[in-house]
Amino acid sequence: MLHVRAWARRLAIAAAAAGAMTAGAPGRAIAACTASTPASQRLADNASDGQLGLAPEITFVDATLGSACDLVVLTSLGDRSATVGLIPYETLATYIDTDGNPATGSPQWDGADKVVVVFGQRGAGLPAALGTWTGAAFSFAAGVTLPVVGAGGFTATLDQLGVSGPTTLGLRVASSWTGLRDTYDDLAPKRSGPSFAFLVSFTTDGAPPAPAIPASQGGSPGPAICMVPKVRRLPLPEARRRLARAGCRLRVVNVSSSLQPRRVSHTLPAAGTWTIRPVVVAVARS
């Protein structure tokens, strides 16, 4: 399962790496990409290694760079239709190390500086949410989204991803489905292996890119996105604070539990899961 490491440990690691931040770090201008060298590469994943067969089964991850600085990352799911896409309570997250330096991004995801998250739902699909590593967590700017490709892939320009110069991107993809009591996932590549390395080569005009324009133009702030923190066994007030810091909405329900009254029995979705829905916090009855 995609459990989040203890916040204190993640903050300590991020603080140690802060001095190594490069031009790919948030807030620093980079040169605009003007033309890129077309390239394409595929990562094959075991077609039957999804956890308990419940997570969307990743079979291939294809990365393609066009001549106009346009990157497409297409994840093929062996048990999901590319036209219908993901179903409710499923997500597909693509973690991207944009500068080839694992010290500048998420320590949990091999230095990922960006994440693109696609959520399943009924009816018209939601756009892909683009998050940036801040040194402690991924932050999602309201309304900043990317077009979805296939069931859970996306397309973006190198400027949108903050790629500052020719480099080797590191890609990791995680699919998940959240059930009543747990979250099940599939990872490509596996944590024990290296990231999917994809070389990008391009030229720049030496000027910083124009400010990114949100994909949604109707004035809507877009869905609130959060990764559920670990709050199991905590008193309810502390759980509320941690969820608020993570940007999560919540709904409290009372359940029978052997825990002390008003302590968290479990959450739905489980810790480490991306969600746009209120987190259900199950609390032991008084």
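I began with what makes two strands pair: DSSP has to find at least two bridges between them. Helices (H or I, at least four residues) and strands (E, at least two) are DSSP runs, numbered from the N terminus.

**Ground rules.** I noted that this is a predicted model, where local features need pLDDT of at least 70, side-chain atom pairs count only at pLDDT 80 or more, and totals for chains, interfaces and linings use all residues. Residues are numbered from 1 along each chain as its sequence is written, and side-chain values use heavy atoms, leaving out hydrogens and water.

**Entry 1, the sheet.** I looked up an open sheet of three strands and found the order E16-E19-E17, with mixed pairing. Strands E16 (250–255) and E17 (264–268) are its edges, each pairing on one side only. A reminder to myself: strands of a sheet pair through backbone hydrogen bonds, either parallel or antiparallel. E17 runs antiparallel to strand E19 (residues 279–284), and four bridges join the two. I also traced one partner: valine 264 is bridged to valine 283 in E19.

**Entry 2, the whole protein.** I found two helices and 19 strands. Of the 286 residues, 47% are buried, meaning under 20% relative accessible area, with exposed over 50% and partly exposed in between (1.4 Å probe, protein chains only).

Next I visited tryptophan 177, which sits in strand E11 (residues 167–178). Is tryptophan 177 buried or partly exposed? Its relative accessible area is 25%, so tryptophan 177 is partly exposed. Beyond its neighbours within four places in sequence, tryptophan 177 has contacts (heavy atoms within 4.5 Å) that include Leu54, Pro88 and Tyr184. I also checked proline 269, 92 residues away along the chain: its C-alpha atom is 9.1 Å from that of tryptophan 177.
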